[in-house]
Amino acid sequence: MSTTTPDTEVGRRTLRRVAVRLLPLLVLLYFVNYLDRVNIGFAGPNGMNAELGLTATMFGLASGIFFIGYLVLEVPSNLALHRFGARIWITRILVSWGIIATVMAFVPNATTLIVLRFLLGVAEAGFFPGIILYLTYWFPAEQRARAVALFMTAVPVSVAVGSVVSSLLIRAGDGLLGASGWRIMFFAEGVPAILLGVVTFFALTDRPGDARWLREDERAWLTEKLEAEARATERTAHWPLRRALTHPRILALAFVYFGITYGLYALSFFLPTIVAGFEQQFGTRLDVLERGFVTAIPYVVAAVAMVLWGRRADAARSMRGRAWFVAAPALLGGVAIPIALYLANPWLAMAAVTVCAVGVCGALAPFWALPSQFLTGAAAAGGIALINSLGNLSGFTAPYITGALADVSGSQRAGLWVVGACMVAAAVVAVLVGTRIARERGEAAPAPPD
């Protein structure tokens, strides 16, 4: 058997060591990153909106403008990571976003909040696609969806744990040093990014060839395996950087990601508000901490589902199969979410929201296995960043449109119908893209996943 086969003892040992060394740190970084991105969702209904005089539309603008700054610098930032290395560039991102996240504790008005949210997006640009690119430097294709799934468990975990932690900080910090609880939360959740930036500089390794913590035979196996994959990808689909930044296939994948993350951000920013609204809709009385625990439920379930679905997705060898592993959960979530607020009690409503969260998180990990099937090198850096930046425009449109529709209609229902439509459309386009690539490669058509 060839030494490049992942089933060899050295291959299994190498990948275990890589996973243990890198994934816990990367998950922790993304946990802090995502929490700093969405903790405004906890601040809003717990004093910030009233103190700063924010309407639902203004809150949506403040939540979403982050992604405009994110869009502007996403591709240049990822190309810089490819050139200078993950260790230096991720450190820069962490420290700069941590500083801005802590300064948000001192905002005096809505205008300053909006400006700082924009700058937070500028500072964070390149973090997520940089980590996705970084994982392609360390994990072969047949293990990549699982690695991405483990990394992206930080999304549901950060919201699940973060909803409780943020609620505790808001409640315990209210009045501390004369500040509102939501201000204490912003400060306390911003500082860890700065500290982790220092840790990252010393702990992260750029490439397998630099990994002194791997044995010589392990470094050789992993380097050979990844280089062989890159050569095979270049032979079957050579994509220069210019093509990766302009091809309709990249734009189609960006649309798929837009639809999936539309559901993610609509839930992340507005689920605390929806849960708070249960008191008016159902007569349910919950304090700040209890609302935090209820908000966590969908994401705890979604975290487990994400890992299990990611493992199954790695079994798919064809592009059609991989595309179905994206489409099926997106379709499930898109059908479930619009009916959530039409149900007769809060438990049924939360069940529907939980199904949507499972669908969103289940689609995310296998999605990022798609572009790496035909992008390598600088084209992968640019293409992945472009997909992420265009797709993350949903982070602006989802909270803004959801908030605007809530102001106009007086209900969250209209906004959730838009969420469902976007996710269903993403599922359809994912299947179309996968089918097109499979036909170009002459692949047989497998059945959709069970």
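Predicted model: local features only at pLDDT ≥ 70, side-chain atom pairs only at ≥ 80, totals over all residues.
Reader: Okay, which helix gives the most to the nonpolar patch?
Author: That's helix α11, residues 181–203, with three residues in the patch. Helices here are DSSP runs of H or I with at least four residues, and strands are E runs of at least two, numbered from the N terminus.

Reader: Take F201. Where is it found?
Author: F201 is in helix α11. Its relative accessibility is 33%, so F201 counts as partly exposed. For the cut-offs, buried means under 20% relative accessible area, exposed means over 50%, and partly exposed is in between (1.4 Å probe, protein chains only).

Reader: At what angle do α10 and α11 pack?
Author: About 125°, with the axes of helix α10 (residues 154–173) and α11 7 Å apart. Axes are lines fitted to C-alpha atoms, for helices over the stretch in contact, and the angles run from 0 to 180 degrees between N-to-C directions.

Reader: What do you call that kind of angle?
Author: α10 and α11 are oblique to each other. Under 35 degrees counts as roughly parallel, over 145 as roughly antiparallel, 65 to 115 as roughly perpendicular, and the rest as oblique.

Reader: Is the crossing of α10 and α11 left-handed or right-handed?
Author: Right-handed. A crossing gets that name if the near helix is turned clockwise from the far one by less than a right angle, and left-handed if anticlockwise.

Reader: What about the loop between α10 and α11, which residue is found there?
Author: L177 is found in that loop. L177 has a positive phi of about 55° although it is not a glycine. With a relative accessible area of 82%, L177 is exposed.

Reader: New topic. How many salt bridges does a search of the whole structure find?
Author: Eight. Each is a side-chain nitrogen of Lys or Arg within 4 Å of a carboxyl oxygen of Asp or Glu.

Reader: Which side chain meets R13 in a salt bridge?
Author: The side chain of E218, at 2.6 Å from N to O. R13 lies in helix α1 (residues 9–38) and E218 in helix α12 (residues 216–236), so the pair ties together parts that are 205 residues apart in sequence. Both R13 and E218 are buried. They also belong to a network of salt bridges that links R13, R17, R215, D217 and E218.

Reader: And which residue does R37 form a salt bridge with?
Author: E124, with the closest N and O atoms 3.6 Å apart. R37 is in helix α1 and E124 in helix α7 (residues 110–124), so this pair ties together parts 87 residues apart in sequence. R37 is buried at a relative accessible area of 1%, and E124 is buried at 0%.

Reader: Where does E51 come in?
Author: The side chains of E51 and R183 meet in a salt bridge of 3.1 Å, N to O. E51 lies in helix α3 (residues 48–52) and R183 in helix α11, so the pair ties together parts 132 residues apart in sequence. E51 is partly exposed, with a relative accessible area of 40%, whereas R183 counts as buried at 14%.

Reader: Last one: how do α17 and α18 pack?
Author: Helix α17 (residues 319–336) and helix α18 (residues 346–367) pack at about 160°, with their axes 7 Å apart. α17 and α18 are therefore roughly antiparallel to each other, and α17 passes α18 in a left-handed crossing.

Terms used:
Residues numbered from 1 in each chain as written. Heavy atoms only, no water.
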